[in-house]
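Work through the exercises below with the model open. Try each task before you read its solution.

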Amino acid sequence: MGAALALADRGRGRTAPNPNVGCVIVKDGRVAGRGWTQPGGRPHAEAMALSQAGERARGATVYATLEPCAHVSPRGATCADLLVAAGVARVVVALRDPDPRTDGAGHARLADAGIAVDIGVEAAAARRSMAGFLTRRMLGRPHVTLKLATSLDGCIALASGESRWITGPEARAHAHLERTRHEAILVGRGTFAADAPKLDVRLAGLEERSPRRIMLSSTAESGWEHVATPDGIADLAGVDHLLIEGGARTAAAFLAADLVDGLLLYRAPILIGGGLASLADIGMTALTEAHGRWQRADTRTLGSDTLEVYERHRLVEARNEG
């Protein structure tokens with residue numbers, strides 16, 4: 001299942017409104033086929049893996065990060081039916097599909113055909129992998145990640161506004177990789193006016209994965225999409241993962257509205273003092289309100305900088321509920 005989850009991450013940011021799923025088929029202790037959801041949502045991961053496995057799929061064990069689909073689509077046969085036709089012996093699934101068109105029906109279809117079904121393997125990791133799809137299903141909006149690049153004392157720029165560059169090249173490269181994992185990036189009008197950001201991906205071979213550009217503004221700009229308020233992100237069609245990159249006020253607006261699900265905190269080993277703060281007021285009136293909201297999910301070193309990844313505690317609780 002770990003291999004299937006790694007494959008699923010290859011499709012993140014490219015499969016909306018479908019989930020990014022990974023699939024591995026094992027026969028006699030060897031990998032017979034593997035696949036992940038392709039850009040645009042089709043073919044599905046199971047279809048890709050079955051195509052690669054061919055006749056070796058008969059009697060094999062299938063590991064899939066999400067319940068195989070069971071609803072009819074003009075874009076292709078259901079994955080549950082494909083697995084039955086291939087004659088697999090066992091299907092191991094991380095998560096049940098919350099889509100009401102499949103929800104449990106895929107597992108039932110497999111069981112009715114005499115295929116053994118195991119559910120819940122690496123469920124927490126699968127929820128993290130498909131956070132965009134699940135957040136859209138549960139909350140009706142994209143999964144929102146706020147990226148901050150700061151000094152040790154929490155500044156994002158000198159008092160003059162100079163901010164290039166606080167972090168080093170390794171951290172900046174990682175931030176560009178994160179862009180490829182999101183369908184869209186959002187900044188505020190202030191960041192647009194001050195920096196004229198391109199928000200593209202500048203990593204060799206991944207340039208075509210530059211996400212859509214969104215501005216938090218009451219008016220649109222040529223070449224940009226816009227939302228007038230943070231709640232407006234719910235109406236962004238085809239966006240299940242939204243990255244917020246710019247502006248202390250924009251970041252604060254989303255935090256105040258409790259619309260941030262994850263934090264990417266890049267911290268450089270420098271002190272600025274008297275610089276521009278990374279956040280504006282987010283409406284906290286007591287320290288008790290600040291505690292218990294965030295759980296650290298990862299820490300890593302990027303050159304001389306440190307990346308800390310945090311998840312909003314409500315999502316951690318949802319994963320633990322199974």
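**Exercise 1.** Find how many disulfides the model has.

*Solution.* Start with the cut-off: a disulfide needs two cysteine sulfur atoms within 2.5 Å. In this predicted model, the count by that rule is zero. Take Cys23 as a test case. Its nearest cysteine sulfur belongs to Cys79 and lies 8.2 Å away. Cys23 is therefore in no disulfide, since a pair must lie within 2.5 Å.

**Exercise 2.** Decide whether Cys23 and Cys155 are buried or exposed.

*Solution.* Buried means under 20% relative accessible area. Cys23 has 0%, so Cys23 is buried. Cys155 has 6% relative accessibility, so Cys155 counts as buried too. Now turn to the chain: 47% of its 322 residues count as buried.

**Exercise 3.** Work out which radius of gyration a compact globule of 322 residues would have, and compare the chain with it.

*Solution.* Next, look at the box filled by the C-alpha atoms: along the principal axes it is roughly 65 × 45 × 35 Å.

**Exercise 4.** List the helices and strands by number, then look at the contacts between residues at least 6 apart in sequence.

*Solution.* The chain has ten helices and 15 strands. Of the contacts in question, 71% join residues at least 24 apart.

Note on methods:
Residues numbered from 1 in each chain as written. Predicted model: local features only at pLDDT ≥ 70, side-chain atom pairs only at ≥ 80, totals over all residues. Heavy atoms only, no water. Buried < 20%, exposed > 50% of the residue type's maximum accessible area, 1.4 Å probe, protein only. Helix = DSSP H or I, 4+ residues; strand = E, 2+ residues; numbered from the N terminus. Rg over C-alpha atoms; globule rule 2.2 N^0.38 Å. Contact = heavy atoms within 4.5 Å.
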